[in-house]
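Hello,

Here is the structure I promised to pass on to you. Have a look at it first, and my notes follow below.

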Amino acid sequence: MTSTIISGIERGSSNSSSAPPKALVLALAIAMAGSALNPHIQESPDLRIQTNSHDGVLQISSIGTKASLEAQWARLRSRLAAFKEYRLNWNGEGGVAPNPEHVEAILQALARLPIDMSIPKPMLSDDGEVGVYWSSGNAFADLTIDSLGEMSLYLRSLDEEGGVLKVLPSPDAIDERVIHELSQHLA
Amino acid sequence: MAAENPCAEFFARLDRKIEDLPEPDVCTAWEALTACPEHSPGPVEDNEELRRRIIYPTHIDTADAPSPVCFSDLWSHGLSADRVEYRTVGQSRADAIGAIDDWNFDNADKPKRSLRGFAIVSVSDLRRLKVNDIRALAIFDTAMPTNSSHADVCAVGRMDKLAKRDLRTSVWHFLKKGLVAA
């Protein structure tokens with residue numbers, strides 16, 4: 001039997017209890033439409049939709065089974081963790097090895113994001129900067145820690161010339177406000 | 001005594017560092033010079049396009065698209081590209097495959113590289129990019145005897161962390177938009 005769950009952000013920013021009834025109705029309609037269109041979803045035991053009702057605007061950032069989302073996050077964590085094993089000249093062009101502590105800090109930061117947030121892609125620069133990035137339409141964001149150990153979040157609309165950079169003193173700085181801002185940006 | 005062609009001298013050095021380039025206004029003057037007068041078609045014009053090779057896995061992320069951090073050559077020794085007007089795609093492909101084969105032979109212990117495609121980007125788009133109202137990129141004619149179409153794209157001027165992030169994201173966006181199959 002298909003069980004449809006409209007959830008708030010599990011580990012993150014908003015509380016779905018404040019979602020306006022219209023938003024919930026719309027989310028249900030989308031869930032049902034998705035189920036009808038996608039047999040895989042219809043058969044899923046746990047269809048999970050994130051609603052984010054800030055400013056009265058319904059946003060759905062990620063749709064999928066909880067198990068499949070967890071698997072995707074696990075793959076991302078695995079890719080990032082593999083960077084800890086990289087050594088000098090990892091790319092054959094003198095690439096600086098990422099600091100394992102920096103990789104761990106990124107993993108800790110990601111653990112603070114809600115499971116149903118858009119899943120980013122890992123990235124590693126040849127100067128040792130490590131992190132992840134999101135790209136959705138004109139919305140771009142990256143969360144990285146540079147070779148000096150400074151973590152920062154960058155938000156950019158690609159149709160504009162510049163973005164916004166937030167320095168994060170520690171993974172704990174990924175709080176509800178930052179998560180909300182990132183979610184809004186990527187929506 | 002000033003060098004006769006400082007641009008050519010700079011790019012002839014194997015140990016060159018882009019951070020050693022002069023201020024942006026001097027770089028603009030260098031853009032009118034040519035690195036190899038006997039082979040070059042002349043300085044890179046605004047109405048030209050560049051063809052940049054995209055190599056797996058160096059430039060590629062998990063979704064098989066160019067990664068935002070894969071073009072750090074802009075800040076290290078210059079981002080190499082071919083001038084589309086002066087190099088056929090077949091020549092660019094042969095150059096790339098030859099270089100990749102050599103690299104794979106010399107680095108048998110590392111993941112094998114392959115040619116994923118090319119990114120075509122407009123010179124004027126790149127030259128329009130600014131940081132704090134100052135041009136962020138210079139594009140130099142760095143023709144070589146074996147490749148008269150060779151050009152280098154380099155970051156110029158001092159940049160703080162936000163400016164670098166803006167620039168690399170803009171360049172990534174242009175290159176990603178211009179991606180074509182090899």
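**What I found**

In chain A, 32% of the 187 residues count as buried (20 or more other C-beta atoms within 10 Å of the residue's own, with C-beta atoms placed from the backbone). This is a predicted model, where local features need pLDDT of at least 70 and side-chain atom pairs count only at pLDDT 80 or more, while totals for chains, interfaces and linings use all residues. Residues are numbered from 1 along each chain as its sequence is written, and chains are lettered from A and ligands numbered from 1 in the order in which they are written.

Chain A has 5 helices and 8 strands (DSSP runs, H or I of at least four residues and E of at least two, numbered from the N terminus). Their order from the N terminus is β-α-α-β-β-α-α-β-β-β-β-β-α.

Helix H4 of chain A (residues 100-110) may interest you: its buried residues are His102(A), Val103(A), Ile106(A), Ala109(A) and Leu110(A). They line one face of the helix, because they fall within an arc of 120° seen down the axis of H4(A) (the arc of the directions from the helix axis to the C-beta atoms). These residues pack against helix H3 (66-82) and strands E5 (130-136), E6 (139-145) and E7 (151-157) of chain A.

As for the two chains together, 17 residues of chain B are in contact with 21 residues of chain A (C-beta atoms, placed from the backbone, within 7 Å). Helix H5 of chain B (residues 161-177) gives the most to chain B's side, with 6 residues.

Best wishes

Notes. Buried ≥ 20, exposed ≤ 12 C-beta atoms within 10 Å, placed from the backbone.
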